[in-house]
Amino acid sequence: MALSELLPLCVIALYFLGSMLFVIGSALRHEMLKNIALGVAGFGFALQSIDLAQLLATIDISQSLATAKALFTLLGWAILCIFLVLWWRLGLKFLAVVALPMALIFSAAANASIGIQAKLPPMLTGLFFFLHIGTLFASMALLAMAFGAGIAFISLEKRIKTKASFKKFQKDMPSLDTFDRANHLMCLIGFPLYTLGLASGYVWAWLSAKRIFSLDPKEILALVVLLLFAYLFHQRVVLGWRGRKPATMAIVIFLLTVVSMIGINFLVPSTFHGFKP
């Protein structure tokens, strides 16, 4: 078996083991087991970085990445990368319970979608490709962590308000304020990135087809996401919105991006952005 075939399988196995160990460690409140889980996942992240580096070393980067396998791999890698930064900066180790399974799911999806490719026009190459795809995927990874922080916030707040007893793993969770600050940070960074990614897509559409917007299902949903994201950004930054409402909205926006990424790309044959075998 070639190295290019072996690496993704090793990554999936390590992410699976890391996810299981972290969930068990959280349930048992066993810090050493959770640290071992993060170490295992970190090794998988390093191997996945090597796998991506091999793709980036090809002559035509954009065409090499224009496959469902490469894009799913990139998204899984980005989610874990954002989590590692948040863990380092904010100490949000608990978000591993969301980040590790998501990285596992997207890595497994990447391995299952070999041979499925998107046809790219000549304009979407090199730097322009990363300006469009890279910024959108970075914002999706930030939204994934906002999704996890939002679910944790809502769950914790409900138990506090109802004065219900905490489950074992919830006793080790950070404060509501920490989850809210994480949500705020991801909104603050994620919205400009999403806007840049979408704007570069409109520029690309004008260069390739002399149009900015069409009735393509993915473009319509992307615009809906942008409007919701803009509203969340405004409420957060300008009006100082905090608590359950922005947490809930971050969850909804992330789920819409997943529908756009997976549902429309694979299940709607009429979309210009679809993947085909």
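# Close-up views of a predicted helical protein

**View 1. L142 counts as buried, at 7% relative accessibility.** Here "buried" means a relative accessible area under 20%, while "exposed" means over 50% and "partly exposed" covers what lies in between, computed with a 1.4 Å probe on protein chains only. The model shown in every view is predicted, and for this reason local features need a pLDDT of at least 70 and side-chain atom pairs count only at pLDDT 80 or more, whereas totals for chains, interfaces and linings use all residues. Residues are numbered from 1 along each chain as its sequence is written, and side-chain values use heavy atoms, with hydrogens and water left out. L142 lies in helix α6, a helix being a DSSP run of H or I with at least four residues, just as a strand is a run of E with at least two, both numbered from the N terminus. Leaving aside neighbours within four places in sequence, L142 is in contact with I82, M186, I189, G190 and L193, where contact means heavy atoms within 4.5 Å. The C-alpha atoms of L142 and C81 are separated by 9.8 Å, although these two residues are 61 residues apart along the chain.

**View 2. T135 is a further residue of helix α6, which covers residues 126-162.** With a relative accessible area of 10%, T135 is buried. When residues up to four places away in sequence are not counted, T135 touches F130, L193, L196 and G197.

**View 3. The largest nonpolar core has 75 residues.** Such a core is a set of buried Ala, Val, Leu, Ile, Met, Phe, Trp, Tyr and Cys residues that are joined through side-chain atoms within 4.5 Å. The residues with the most contacts inside this core are I79, M145 and F179. The elements that give two or more residues to the core are α1 (3-28), α2 (31-56), α4 (68-90), α5 (96-112), α6, α7 (176-209), α8 and α9 (244-267), and the largest share, 16 residues, comes from α6. Apart from its neighbours within four places in sequence, I79 is in contact with A99, M102, F106, A141, A144 and M145.

**View 4. Aromatic rings form pairs in this model.** Rings of Phe, Tyr and Trp (for Trp, its six-membered ring) pair if their centres lie within 6.5 Å, and planes under 30 degrees apart count as stacked, over 60 as edge-to-face and the rest as tilted. The count by this rule comes to nine aromatic pairs. One of them joins F94 and F179 edge-to-face, with 6.2 Å from centre to centre and 75° between the planes. This pair links distant parts of the chain, as F94 is in the loop between α4 and α5 and F179 is in helix α7, 85 residues apart. Both F94 and F179 are buried.

**View 5. F191 and F229 form an edge-to-face pair.** The ring centres of F191 and F229 are 5.7 Å apart and the planes meet at 65°, so the pair is given that name. F191 belongs to helix α7 and F229 to helix α8, 38 residues apart, and the pair links these distant parts of the chain. F191 counts as buried at 14% relative accessibility, and F229 counts as buried at 1%. Ring pairs also link F191, Y194, F229 and F233 into a cluster.

**View 6. T178, in helix α7, is buried, with a relative accessible area of 12%.** Not counting residues up to four places away in sequence, T178 touches L90 and L92.

**View 7. The whole protein has nine helices and zero strands.** Buried residues make up 49% of its 277 residues. The mean pLDDT is 83, and 81% of the residues reach 70 or more, where pLDDT is the predictor's confidence in each residue, from 0 to 100. Among the elements, helix α3 (residues 61-65) has the lowest mean pLDDT (55), and helix α8 (residues 217-237) has the highest (91). Where pLDDT is low, the predicted coordinates should not be read in detail.
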